[in-house]
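Biologist: Could you take me through this model, beginning with single residues and ending with the contact between the chains?

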Amino acid sequence: MSAGGGGGGAHEAIPQNNIIAFGVIGGLVGIYAAYFLVDMVGPYMSFLGALGAICGIIWGAAAVRRVANYGLGTGVPSIGMLALGIGVIATTFGLAVGGIAGPVVALVFASLIGLVVGVLANKVLNMGIPIMVQSMIEIAGAGAITIVGLSTSMMGTFVFFDEIANGMIISQGVASGVMTTGYIAVIFIAGGLAILHPFNANLGPDEKQDRTLMLALEKGAIAMIIAGIVASINEGASGSLTILIGLALWYIGFSGFYDRVKRDAYDVVGTGMLPSKEELE
Amino acid sequence: MEPLTSMGVLALMGAAATIAGASEDLESDVGSQSNPNSQVQLAPQMMYPHRIYNKAVSGEPPSNALMCAIGGTTASVLMTTGASPILALIIGSIVAAAVHGTYSVTSYFGRSASQKRFKQPIYLDLIRSHTPVIMGYAFITTFCILVVSYLMVAVMAHPFSLPLLAFIWGIAVGAIGSSTGDVHYGAEREFQNVEFGSGLNAANSGNIVRKAESGLRNGIDNSWFCAKFGGPATGIAFGMVVFLSGWITVVFDPSISEVMGWESIIAGVAMVLLMVMWNRKIEVDARNAFGPYKSDEEEVAA
């Protein structure tokens with residue numbers, strides 16, 4: 001009798017492998033498209049980075065759902081925070097050493113840390129969850145994509161260090177624009193909650209994959225709006241388009257989620273008494 | 001800085017933190033967040049469907065960190081563009097409260113919908129009546145935390161930035177609200193129908209009080225109860241944390257000399273030891289006054 005699911009594997013309408021592909025490819029394409037198109041077309045293309053982050057968030061939420069279905073219960077928030085913790089380390093390392101390959105290095109490095117954490121959880125802590133290792137790799141990777149994506153849409157670039165010519169800063173990097181200013185805190189928590197909240201908010205025996213993932217879209221859109229607010233003060237990125245697209249995605253996500261709630265719930269009533277004894281039997 | 005000025009700033013921070021602590025606890029009580037949530041979540045499974053708001057936004061520390069970090073980020077962005085600090089802090093808090101509202105609504109919808117087989121209905125009037133209350137408390141909490149963080153940055157010249165400080169204080173207020181405030185909601189309100197101090201028998205699991213003085217009990221009834229003691233107690237606890245942890249470095253300022261820095265550490269340790277002894281004395285006195293909990297046999301005999 002666990003409140004967190006049947007204690008076995010989760011039922012999946014969309015196979016996890018498709019979601020992994022969606023997260024990795026969608027995430028990297030979004031991030032690189034933002035990086036190149038900001039240079040070629042203009043700062044307002046920075047919103048693509050946040051779209052990449054949303055792909056990562058949906059992937060992360062699906063991975064949390066899968067592993068947490070083994071009855072993690074109150075461990076759901078912890079695993080989301082863990083994902084972003086790994087993500088921050090991997091992003092800092094990957095972007096600092098990777099140059100143009102930074103996001104890929106961050107993703108690979110995050111997966112490596114996830115592998116170690118997953119093996120530790122199963123072998124040393126004896127959690128004995130069959131998909132633990134794979135899920136930890138996925139969650140860590142999704143966390144890295146979320147952080148790189150949101151940082152890119154805030155700054156318009158994922159280059160880590162400031163570009164300096166003749167003693168003048170000609171373009172700000174992620175290190176001074178996101179880390180030093182403290183905006184990394186909001187990326188950490190808004191991205192982390194976007195990954196952990198969808199399953200946490202739908203916890204229960206009648207949880208459905210599409211409802212959970214729709215909620216991930218809605219929460220990802222909120223993170224996108226916040227990234228847009230920060231982007232509005234950076235020259236390399238544009239906030240208004242990011243915020244507008246974020247609001248549109250939020251509306252799609254929320255109405256899609258509400259439709260699925262009405263589909264799945266026992267009853268949606270304006271007000272009323274509790275179900276009677278006869279009804280409960 | 002003048003010691004008198006910094007004392008005044010510290011007093012203001014302590015006052016803001018006290019309000020933040022109280023409103024944080026009441027905000028979590030309206031939606032039954034955090035520890036008491038497990039029984040609200042369990043109740044329908046044990047055939048006790050209810051009309052209590054099930055706001056499961058992770059634990060209180062992450063959800064408050066989210067509110068405060070969003071508020072701090074928005075305020076910091078606005079101040080960069082030249083807006084006045086008060087306006088920036090207020091707009092930041094409004095954005096944070098709105099985001100928290102969406103998190104609350106989606107968790108009530110999602111958790112209730114996932115309990116279909118236990119026949120837990122979704123009551124839309126609960127959303128309409130409780131969500132504004134939750135958002136109101138979230139606004140007060142975020143604003144007070146932002147005031148504390150802003151004073152630290154602007155007046156006390158703290159090296160951290162506003163979003164980062166707001167994030168850290170958000171975690172702190174959530175942690176204190178969870179550890180101090182939840183006690184006065186969980187045991188004393190959800191299980192008013194069992195003898196006080198009897199602990200939670202496994203047979204009573206999920207059998208929370210679902211009926212109120214008139215009508216069915218909801219989250220606002222619970223916050224009314226918690227506002228009498230749990231909320232203020234949380235406020236005093238958090239206010240003391242902010243005030244006392246700042247007080248030691250204001251009185252013994254480490255920026256004046258290294259010796260002063262060590263004195264501030266000694267003062268901090270002395271304060272912790274004093275608190276430990278004081279708490280121990282309260283506990284011993286309470287046990288002497290009210291005696292050990294009655295065992296089952298004595299209860300039957302009585």
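This is a predicted model: local features need pLDDT of at least 70, side-chain atom pairs count only at pLDDT 80 or more; totals for chains, interfaces and linings use all residues.

**Loops, helices and the chain contact**

Biologist: Where is B:Met47, and what is its phi near?
Modeller: B:Met47 sits in the loop between H2 and H3 of chain B. Its phi is near 70°, a positive value in a residue other than glycine. Helices (H or I, at least four residues) and strands (E, at least two) are DSSP runs numbered from the N terminus.

Biologist: And B:Ser32, is that buried or exposed?
Modeller: B:Ser32 is buried, with 30 other C-beta atoms within 10 Å. Phi of B:Ser32 is also positive, near 50°, in a residue other than glycine. This serine belongs to the loop between H1 and helix H2 (37-42) of chain B.

Biologist: Another loop, then: where does B:Phe160 lie, and what does it touch?
Modeller: B:Phe160 lies in the loop between helix H5 (124-154) and helix H6 (162-190) of chain B. Leaving aside residues up to four places away in sequence, B:Phe160 touches A:Gly182 and B:Leu165. A contact requires the C-beta atoms of two residues, placed from the backbone, to lie within 7 Å. B:Phe160 is partly exposed, with 15 other C-beta atoms within 10 Å. Its C-alpha atom is separated by 9.5 Å from that of B:Ser149, 11 residues apart along the chain.

Biologist: Changing topic: how many helices does chain B have, and in what order do the elements run?
Modeller: Chain B has 10 helices and one strand, and from the N terminus on the order is α-α-α-α-β-α-α-α-α-α-α. Of its 302 residues, 49% count as buried. Its C-alpha atoms fill a box of roughly 65 × 50 × 25 Å along the principal axes. Among contacts in chain B between residues at least 6 apart in sequence, 79% join residues at least 24 apart.

Biologist: How do H1(B) and H7(B) cross?
Modeller: The axes of helix H1 (residues 3-30) and helix H7 (residues 219-226), both of chain B, come within 8 Å and cross at roughly 150°. Axes are lines fitted to C-alpha atoms, for helices over the stretch in contact, and angles run from 0 to 180 degrees between N-to-C directions. H1(B) and H7(B) are therefore roughly antiparallel to each other; angles under 35 degrees count as roughly parallel, over 145 as roughly antiparallel, 65 to 115 as roughly perpendicular and the rest as oblique.

Biologist: Which residues meet there?
Modeller: B:Asp25, B:Leu26, B:Asp29 and B:Val30 of H1(B) meet B:Gly219, B:Ile220, B:Asn222, B:Ser223 and B:Cys226 of H7(B). The residues of this contact divide into four nonpolar, three polar and two charged. Ala, Val, Leu, Ile, Met, Phe, Trp, Tyr, Cys and Pro count as nonpolar, Asp, Glu, Lys and Arg as charged, and the others, Gly among them, as polar.

Biologist: Now the two chains: how many residues does the contact take from each?
Modeller: The contact takes 45 residues from chain A and 47 residues from chain B. On the side of chain A that touches chain B, the largest share, 10 residues, comes from H7(A). That side divides into 29 nonpolar, 10 polar and six charged residues.

Biologist: How does H7(A) cross H3(B)?
Modeller: The axes of H7(A) and helix H3 (residues 60-80) of chain B come within 9 Å and cross at roughly 135°. H7(A) and H3(B) are therefore oblique to each other. The contact is made by A:Tyr183, A:Ala185, A:Val186, A:Ile189, A:Ala190 and A:Leu193 of H7(A) and by B:Pro62, B:Ala65, B:Leu66, B:Ala69, B:Ile70 and B:Thr73 of H3(B). Its residues divide into 11 nonpolar, one polar and no charged.

Definitions and conventions
Residues are numbered from 1 along each chain as its sequence is written. Chains are lettered from A and ligands numbered from 1 in the order in which they are written. A residue is buried if 20 or more other C-beta atoms lie within 10 Å of its own, exposed if 12 or fewer, and partly exposed in between; C-beta atoms are placed from the backbone.
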